[in-house]
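Student: I would like a close look at one part of this model, and then at how the surroundings are built. Please keep the account plain.

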Amino acid sequence: MVHEHDVVIVGGGIAGLYAALESSRSVDTAVLSKVFPTRSHSISAQGGTAAPLGNMEEDDWEWHLYDTVRGADYLGDQDAQEILVREAGEVAFELEHMGCPFSRTEEGKIAQREFGGHYSNFGKGPIRRACYAADRTGHAMLHTLYEQCVKNDVRFYSEFFVLTLLVEKNVCSGVVAWDMQSGGLHIFHAKTVMFGTGGYARAWKVNTNALSNTGDGMSVVLQAGLPLEDMEFVQFHPTGLYPSGVLVTEGARGEGGYLVNNEGKRFMEKYAPAKMELSPRDVVSRSIQREINEGRGIGGKGFVHLDLRHLGRQAIMEKLPQIHELILKFSGIDAVTDFVPILPTSHYAMGGIPTNNDGQVVMDPKSTPVAGFYAAGECACVSLHGANRLGCNSTMDCAVFGRRTGRAMVRHINSGAEKARLPKDALDKAKSKLECVLTAKGKESPAAIRDELQATMMVNCGIFRDEKSLKEQLKVIKSLQEQYKWIEVGYKGQRFNTELLDAIELGNMLDFVETIVVGGLARTESRGAHSRTDFPKRDDANWMKHTLAWKTEAGVRLDYKPVVITRFQPEERKF
Amino acid sequence: MMQTFKIFRFNPDEDKKPYHKSYQVDVPEGMTILDVLNEIKWKQDGSLTFRRSCRHGICGSCAMTINGLNKLACETQVKSLGGGTVEVEPLRHFPVIKDLAVDMDDFYKKYEAVKPYFIAGTPPTDKERTQSIEERKKIDGSYECTLCGACTSSCPSYWANPNFLGPAALLKAYRFVFDSRDEGLEERLPILNSRYGLWRCHTIFNCTICPKSLNPTWAIGELKKKVMSEKY
């Protein structure tokens, strides 16, 4: 079946829905999502969304820009970062105008709190810049956007899973998606396609991500012959609940929570004496991991403590109610009276599908655009977050660049763009992707392959890496890719076949992880979240550049493109 | 410790009628029902279908009936169920697509029917609309809804009359009616006051099963008072 729309957006998170809201005002817009839109992982964002509103104290977009540039360890493109911080305020107000239930100040303005990496006056003291709705900010933003999309009659195709991107000669004509509930293949023919397909942290054993965050969009792009950018930069969030890694918001430290080791010491004193627990995430995660590796985890185990007790019951229940409930339900611990066991947890992709500042996907070091193809949010790499993202900048990235991308698609269509012709064999690749898995006959278990991938990515491609571990991981991935050819799916039926879904997601994971490892192996420096113990220093002379990675028959091919520097020259980061 | 899990199974393409299948799973400390379902799916029987995503109680994908009560599988500790055989079934009163996954189209239609979006007549300023802390507090207990369906599925009035909007949709209406910034009351009033609106709620409180501890029965009561004061 062929569906015709002006705009087809894949992914119903904040980026996808903001774009849909923009485009649906003037052109026919459809959103495809493998989950019902409000189940998208944006819902899990907790602590806040960054905008220099100055509702609590003086703030300035230039300060926010400086923090973002430095947080990113200078690998972000400063022109894109400037767009983020300059549009953030307007977007926060726009969300409020759509009814987003932000918490409020005494004067009735949007309430803001402190977050790691956000400071006043070019890196001085902490600043309250994170706009929040208790600790359910992502939920508040996502539901608000979905509600407005319902109002605008956006067409939703929920539980449709995209298998292939239709691109010929740098022109995109649509996507092919699999209807999970009833099993058919559907062609979506569009003037523009946008991916807002989210992240990939399910490739690590300990992670904050939803089970659906398997990096599908990124792999579909690789499979279409297009590159991914800066994939080696993987953010570990400092505070995942031990042992599962479920997210405990940075807002917990923003509200004043401490990190302590088995000696009862606030160990951040050693690593970041000025900014302590509110240093950027890469710094805090490395510090926690060092404490654990050097035997100062609690009881010598793989976790340290987050201490919220001094905040008091009232502050915890008002400002961190969801976190309190989550810790109680998952650990049986009452954070009002007891320490919370936490460990660093795989969280966020700084890299992704390369785009320009209008969300248009670009395909080479010269940033040549792919006509009709766009991306925004976590799956995309503008690059805003460079080597390390600041907390609260992701939901705002989704909102600002989702909105910009929606507008850019409308401009493209209003300038007279027509649909590109569908390839003759439009369905073939998607069909064979499904059939390969359905007809494969072997003894390998997809779950066992995934378990091994997740466990080895933690060990070999986690917070700390070196040449040996990355080479080892590349070997593991090659071997798992081989094993994947010999999996067998027991249930072959058409109806809501989530066994087949799991298997295809696993195939996707085995594709994008290779770009992370190969990119990381080549990058012989430590920058932001990419910490090479064999190359502990940042190397601006050789590595002040973005990685581009293509998947080819012979393996991953790398190339590089320059970083855009406008205002701030690289300097040493100290916190 | 090995425990038995009796899981509802039904594939309308292959089965004449639903049945329960028992699985044995070793349950360590901290294991949730979602962990059990994943264990079964990944290690024992891949054909089992259920929805899940965030696995920490915020996306609302995995509401199901566990030992007779509607809960989110992901945040239900097996230990909290007190031992013995655990029965897992799909949410009641929604058609089963396959196994534990139900068709929620009607649920979403009811949600859409209450105009579940912010309506403002007054144009905004170039900053935020102000709202006092007290005004904002009024929508606590309603905006947090995850649309998991646990409440509507447990509502006897909805069982009796599927045209009833049901607790989730009405709670969503509450979230806007009692938002000091919203100006959509006039548009929503006839919907709430309609034949299948508020008055079908007979205050049975089953919907307080809400996994997020929200209280739609109370919210519906407040809406009833609001309609009475506005209308009569």
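Student: Which residue in β15(A) stands opposite A:Gly240?

Tutor: The model is a predicted one. In it, A:Gly240 stands opposite A:Leu343 in β15(A). That pair belongs to the contact between strand β11 (residues 234–241) of chain A and strand β15 (residues 340–349) of chain A, which pair in the antiparallel sense over 6 bridges. Strands of a sheet pair through backbone hydrogen bonds, either parallel or antiparallel.

The two strands are part of an open sheet of 5 strands in chain A, with the order β12-β11-β15-β14-β13 and antiparallel pairing. β12 (246–247) and β13 (258–260) of chain A stand at the edges; each has a single partner strand, so one side of each is left without a neighbour in the sheet. Helix α10 (residues 321–331) of chain A lies across β11, β12 and β15 of chain A, and it runs at about 75° to β11(A).

The loop between α10 and β15 of chain A holds A:Asp338. This residue, A:Asp338, counts as partly exposed because it has 15 C-beta neighbours inside 10 Å. A:Asp338 and A:Ala224 are 114 residues apart in sequence, and their C-alpha atoms are 50 Å apart in space.

A:Val362 sits in strand β17 (residues 360–362) of chain A. A:Val362 is buried, because 22 other C-beta atoms lie within 10 Å. From A:Val362 to A:Leu226 the sequence separation is 136 residues, while the C-alpha to C-alpha distance is 8.6 Å. Leaving out residues up to four places away in sequence, A:Val362 touches A:Pro354, A:Thr355, A:Asn356, A:Ser367, A:Thr368 and A:Pro369.

Chain A also has an open sheet of 3 strands, with the order β3-β5-β4 and antiparallel pairing. Its edges are β3 (49–50) and β4 (112–119) of chain A, each with a single partner strand, so one side of each is left without a neighbour in the sheet. β4(A) pairs with strand β5 (residues 126–131) of chain A in the antiparallel sense over 4 bridges, and A:Arg113 stands opposite A:Ala130 in β5(A). Helix α2 (residues 61–71) of chain A packs on this sheet and touches β3, β4 and β5 of chain A; its direction makes about 45° with that of β4(A).

Next, helix against helix. Two packed helices are described by the angle between their axes and the distance between the axes. For helix α1 (residues 14–23) of chain A and helix α11 (residues 393–414) of chain A, the axes come within 7 Å and cross at roughly 35°. The crossing of α1(A) past α11(A) is right-handed. Among the residues that meet there are A:Ala15, A:Ala19 and A:Leu21 in α1(A), and A:Phe401, A:Thr405 and A:Met409 in α11(A). By class, the residues of this contact divide into 11 nonpolar, 6 polar and 3 charged.

In soluble globular proteins, nonpolar side chains tend to be buried together.

Chain B itself has 8 helices and 7 strands. Its C-alpha trace spans about 60 × 40 × 30 Å along the principal axes, and buried residues make up 48% of its 232 residues. Strand β1 (residues 2–9) of chain B pairs with strand β2 (residues 19–26) of chain B in the antiparallel sense over 8 bridges, with B:Gln3 opposite B:Val25 in β2(B). β1(B) is also joined by 3 bridges to strand β5 (residues 86–89) of chain B, and these two run parallel. In that pairing, B:Lys6 stands opposite B:Glu87 in β5(B).

Terms used
Residues numbered from 1 in each chain as written. Chains lettered and ligands numbered in written order. Predicted model: local features only at pLDDT ≥ 70, side-chain atom pairs only at ≥ 80, totals over all residues. Pairing = 2+ DSSP bridges. Contact = placed C-beta atoms within 7 Å. Axes fitted to C-alpha atoms, helices over the stretch in contact; angles between N-to-C directions. Buried ≥ 20, exposed ≤ 12 C-beta atoms within 10 Å, placed from the backbone. Left-handed = near helix turned anticlockwise from the far one by under 90°. Nonpolar A, V, L, I, M, F, W, Y, C, P; charged D, E, K, R; others polar.
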